[in-house]
Amino acid sequence: MNKSWFATRCLTVVAVLFLLVGFGKPAGPPTLFLIGDSTVNNNGNGQMGWGNVVASHFDTTKIKVRNNAKAGRSTRTFITEGRWEKTIAAIRPGDFLIMQFGHNEGSAPDTTKAGRRGVLRGTGAETKDLVWPDGHPETVNTYGWYLRKFIREAKAKGATPVVCSMIPRNEWKDGKVIRASNDFGKWAQEVAQQEGVAFINLNEITALKYDKLGPDEVKKFFPGDHTHTNEAGARLNAESVVDGIKSNKKLALNKYLAKK
């Protein structure tokens, strides 16, 4: 027998077996990653974020939910603290990413304790260069720029990004909850539309529910301040997220929702 032919046959068989073993491994379920602030992940002092309870709406035998949101973070500090780097490193093709920011972005951006979370307003390409006391520079961008970074990098990893506007605070005017439709909610929607990704108007969906309940009932959701909900409020907001998913039939997340 020709030794060269035999060696070639052996290599072919090994290659085929390798491919069969590789293809034979069942792919694990996708992961739904959540990023945001304390209104998404908060579990202390009677407060709770909607990300802490939203998994109950999904079939967790088919999809995993990983809540990477962190209290006190803005789009800017979620990146500068390395939290986004860890999240994007874990994202795989077929995964999903829901982002909800806006509560901590409002301060003028600088290197003080108050301004370290602030971003430039809007969705444009404006920047502000800062130098921290230790000498390291930072370029601060707009709220929209940071959202685009999350969206584009998630897409590049083969994931499906979803943008949410921030949940409304317990603030009222003329008998209705104050919306974020002139600033962060508006900008979140603009970026989602420009990038061609799903948008959940969480601010409006929940605000309509609050309007219907009225100030006295809604106040029961906010034990300590006007921003952070208790478990009941978190569950209402989680339901609003699911309402937004269901309203977009093209969003593949629908097939992972639990059947009630």
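Me: How do you know that the length of helix H8 (residues 231-246) agrees with what its 16 residues should span?
Reply: At 1.5 Å a residue, H8 should span 22 Å. The expected span is 1.5 Å times one less than the number of residues. The end C-alpha atoms of H8 are 22 Å apart, so the two values agree. Helices here are DSSP runs of H or I with at least four residues, and strands are runs of E with at least two, both numbered from the N terminus. This is a predicted model: local features need pLDDT of at least 70, side-chain atom pairs count only at pLDDT 80 or more, and totals for chains, interfaces and linings use all residues. Residues are numbered from 1 along each chain as its sequence is written, and side-chain values use heavy atoms, without hydrogens and water.

Me: Why is Val 242 called buried?
Reply: Val 242 has 5% relative accessibility, so it counts as buried. The cut-off is under 20% relative accessible area; over 50% is exposed, and in between is partly exposed (1.4 Å probe, protein chains only). Val 242 sits in H8. Other buried residues of H8 include Gly 233, Leu 236 and Ile 245.

Me: What covers the buried residues of H8?
Reply: The cover includes strand E3 (47-48), strand E5 (96-100), strand E11 (198-200) and helix H6 (202-213). Val 242 itself touches His 57 and Leu 257, not counting residues up to four places away in sequence. Touching means heavy atoms within 4.5 Å.

Me: Which residues have the most contacts inside the largest nonpolar core?
Reply: Met 99 and Val 163, in a core of 29 residues. Such a core is a set of buried Ala, Val, Leu, Ile, Met, Phe, Trp, Tyr and Cys residues joined through side-chain atoms within 4.5 Å. The largest share, 6 residues, comes from helix H4 (143-156). Apart from this core lies another, of 27 residues, with Leu 34 and Val 242 among them.

Me: What makes E4 and E11 edge strands?
Reply: Five strands form an open, parallel sheet in the order E4-E1-E5-E8-E11. Strand E4 (64-67) and E11 each pair on one side only. Pairing takes at least two DSSP bridges between two strands. E1 and E5 have 5 bridges, and they run parallel.
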